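The following paragraphs consider the ligands of a model and the spaces in its protein. Please keep the sequence and the coordinates at hand while reading.

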Amino acid sequence: MSVAILGAGAFGTALAIAISANGPVTLWGRDISWGRENPRLPGITLPDQVTVTADLQAATQAGTLLLALPAQALGAFLSEHADLLQDKWLVSTAKGIDLTRLTGPSTLIAEVCPKATIAVLTGPSFAADIARGLPTALTLACAEDRAAQALQQMLSTPVLRLYRTPDVTGAELGGALKNVIAIAAGVVIGAGFGDSARAAIITRGFAEMTRLATHLGARPETLAGLSGLGDLTLTCTSVQSRNFRFGQALGKGEDFDPATTVEGAATARAVTALAEKLGLDMPIAAMVAKLSQGGASVEHAAEYLMTRPLKEE
Ligand SMILES: NC(=O)C1=CN([C@@H]2O[C@H](COP(=O)(O)OP(=O)(O)OC[C@H]3O[C@@H](n4cnc5c(N)ncnc54)[C@H](O)[C@@H]3O)[C@@H](O)[C@H]2O)C=CC1
Ligand SMILES: O=C(CO)COP(=O)(O)O
């Protein structure tokens with residue numbers, strides 16, 4: 001089946017490069033004036049197998065469409081172009097929770113394209129690593145097993161290894177929630193609280209991720225896999241992560257380029273609203289939501305998290 005990627009940012013472009021090892025790939029972007037080298041992936045030239053286009057009608061002729069747009073842009077994009085997306089195999093790569101609907105990308109897609117086959121591709125993978133052909137392992141989540149197997153074959157390459165799961169909710173929530181915790185880890189390091197505090201944030205953050213995701217129907221083992229713990233580990237420990245760097249800037253009291261995609265900031269607000277609605281305790285996400293909107297100081301957030309009532313682990 002032919003493959004097109006919708007969204008020519010860092011990740012869409014990296015996926016196009018990787019998947020073109022298996023055959024021709026179309027990459028659609030609203031701004032493709034950069035030609036064959038995307039400035040978000042400097043020094044990397046697109047292989048000949050990748051066709052870049054700004055013609056959405058042409059790109060959506062493909063049967064499998066990978067949606068590589070930021071989570072907060074996805075809902076409007078789907079509604080605007082719904083007529084081109086019905087009956088397709090739609091694979092979301094966005095790592096966030098929609099702020100207005102309080103749902104992940106797969107639910108947004110299902111609402112607009114009820115007849116589409118829906119999958120999620122997620123896991124620990126910096127766009128620059130994938131684009132350079134470095135070995136990477138991802139999770140491909142799809143509730144329909146035959147489609148899951150077909151997509152796994154279609155999108156795996158000798159350096160991109162996909163594992164399958166039917167747990168779409170768990171996979172997409174792992175990817176979304178780890179961005180929130182990555183901001184918190186960045187704050188810890190930026191503020192100089194140290195590596196021990198970062199380990200505490202990663203571990204207690206993972207507990208929060210698991211609490212919300214399992215409440216919403218995810219399997220705990222999915223959270224412990226590539227799309228949860230795997231991606232959490234990557235983004236909380238690497239300055240390649242934009243979420244981590246955003247947190248670092250907050251921790252240091254420095255400005256951060258507002259044009260950079262930082263999914264965890266909006267997702268922290270969505271998670272906080274969702275947790276309130278569901279009656280769940282998500283204190284780290286709540287502090288990230290406050291910090292990223294300027295609603296609390298780093299000192300207040302640290303004191304709040306450290307002086308909550310003592311409890312069992
Ligand atoms: N960059 C990375 O290492 C990874 C990113 N992701 C996820 O992929 C998603 C996209 O991230 P990136 O590509 O890194 O972001 P990016 O900031 O590099 O690119 C976003 C792209 O989306 C386009 N876009 C935004 N709104 C749009 C709209 N309404 N219509 C059409 N195009 C629109 C922008 O023009 C831009 O090309 C995010 O959810 C991110 O969490 C997942 C794994 C790795
Ligand atoms: O999701 C990612 C790696 O798996 C990319 O993380 P950032 O969006 O924080 O850069």
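In this predicted model, ligand 1 is surrounded by 21 residues, and the closest of them are Arg40, Ala127, Arg242, Thr261 and Glu263. Three of these names return when polar contacts are examined. Glutamate 263 places a polar side-chain atom 2.5 Å from an oxygen atom of ligand 1. Arginine 242 likewise has a polar side-chain atom at 2.8 Å from an oxygen atom of this ligand. With alanine 127 the contact involves the backbone: one of its polar backbone atoms is 2.8 Å from an oxygen atom of ligand 1. Taken on its own, ligand 1 has 830 Å² of accessible area, and the protein covers 85% of that area.

The composition of this shell can be described both by residue class and by secondary structure. The residues around ligand 1 comprise 12 nonpolar, 4 polar and 5 charged ones. Helix 1, which spans 10-19, contributes at least two residues to the shell, and so does helix 3, which spans 71-80.

Where does ligand 1 sit? Ligand 1 is located in the largest pocket, whose volume is about 1300 Å³. The lining of the largest pocket consists of 44 residues, with Gly9, Ala10, Arg40, Arg242 and Thr261 lying nearest its centre. Several helices give two or more residues to this lining: helix 1, helix 3, helix 6 (127-131), helix 8 (168-190), helix 11 (226-237) and helix 12 (242-252). Divided by class, the lining of the largest pocket holds 19 nonpolar, 15 polar and 10 charged residues.

Attention now passes to ligand 2. The space that ligand 2 takes is again the largest pocket. There are 13 residues around ligand 2, and Lys95, Asp231, Ser241, Arg242 and Asn243 come nearest.

The polar contacts of ligand 2 involve both side chains and backbone. A polar side-chain atom of serine 241 is found 2.7 Å from an oxygen atom of ligand 2. For lysine 95, an N or O atom in the side chain is 2.8 Å from an oxygen atom of the ligand. Glycine 123 takes part through a polar backbone atom, which is 3.3 Å from an oxygen atom of ligand 2. Of the 300 Å² of accessible area that ligand 2 has on its own, the protein covers 93%.

Which helix supplies the largest share of the shell around ligand 2? That share, 3 residues, comes from helix 11, while helix 11 and helix 12 each provide at least two residues of the shell. By class, 3 nonpolar, 6 polar and 4 charged residues make up the shell around ligand 2.

The second largest pocket has a volume of about 710 Å³. It is lined by 24 residues, and Ile201, Arg204, Ile284, Leu305 and Met306 are the closest to its centre. Two or more residues of this lining come from each of helix 8, helix 9 (195-215), helix 14 (283-292) and helix 15 (298-306). Helix 9 gives the largest share, 6 residues. The class division of this lining is 19 nonpolar, no polar and 5 charged residues.

Finally, the structure contains 1 cavity of 30 Å³ or more. The volume of the largest cavity is about 30 Å³. Its lining is made up of Leu177, Val180, Ile181, Gly205, Glu208, Met209, Val271, Met282 and Ala285. Helix 8 and helix 9 are the elements that give two or more residues to the lining of this cavity. By class, the lining of the largest cavity has 7 nonpolar residues, 1 polar residue and 1 charged residue. Helix 8 can accordingly be followed through the linings of the largest pocket, the second largest pocket and the largest cavity.

Technical notes:
Residues are numbered from 1 along each chain as its sequence is written. Chains are lettered from A and ligands numbered from 1 in the order in which they are written. This is a predicted model: local features need pLDDT of at least 70, side-chain atom pairs count only at pLDDT 80 or more; totals for chains, interfaces and linings use all residues. Side-chain values use heavy atoms; hydrogens and water are left out. A residue is near a molecule or strand if one of its heavy atoms lies within 4 Å of it. A polar contact is a pair of N or O atoms within 3.5 Å; within protein, one must be able to donate a hydrogen and the other to accept it, and residues adjacent in sequence count only if both atoms are side-chain atoms. Accessible areas come from the Shrake-Rupley method with a 1.4 Å probe; for residues, only the protein chains shown count as cover. On a 1 Å grid over the protein atoms alone, a cavity is a set of points where a 1.4 Å probe fits but cannot get out, and a pocket is an open set with protein on both sides within 12 Å along at least five of seven lines; lining residues have an atom within 4 Å of a point. A molecule sits in a cavity or pocket if more than half of its atoms lie within 2 Å of its grid points. Helices (H or I, at least four residues) and strands (E, at least two) are DSSP runs, numbered from the N terminus. Ala, Val, Leu, Ile, Met, Phe, Trp, Tyr, Cys and Pro count as nonpolar, Asp, Glu, Lys and Arg as charged, and the others, Gly among them, as polar. Grid points are joined across faces, edges and corners, and a volume is the space filled by probe spheres set on the points.
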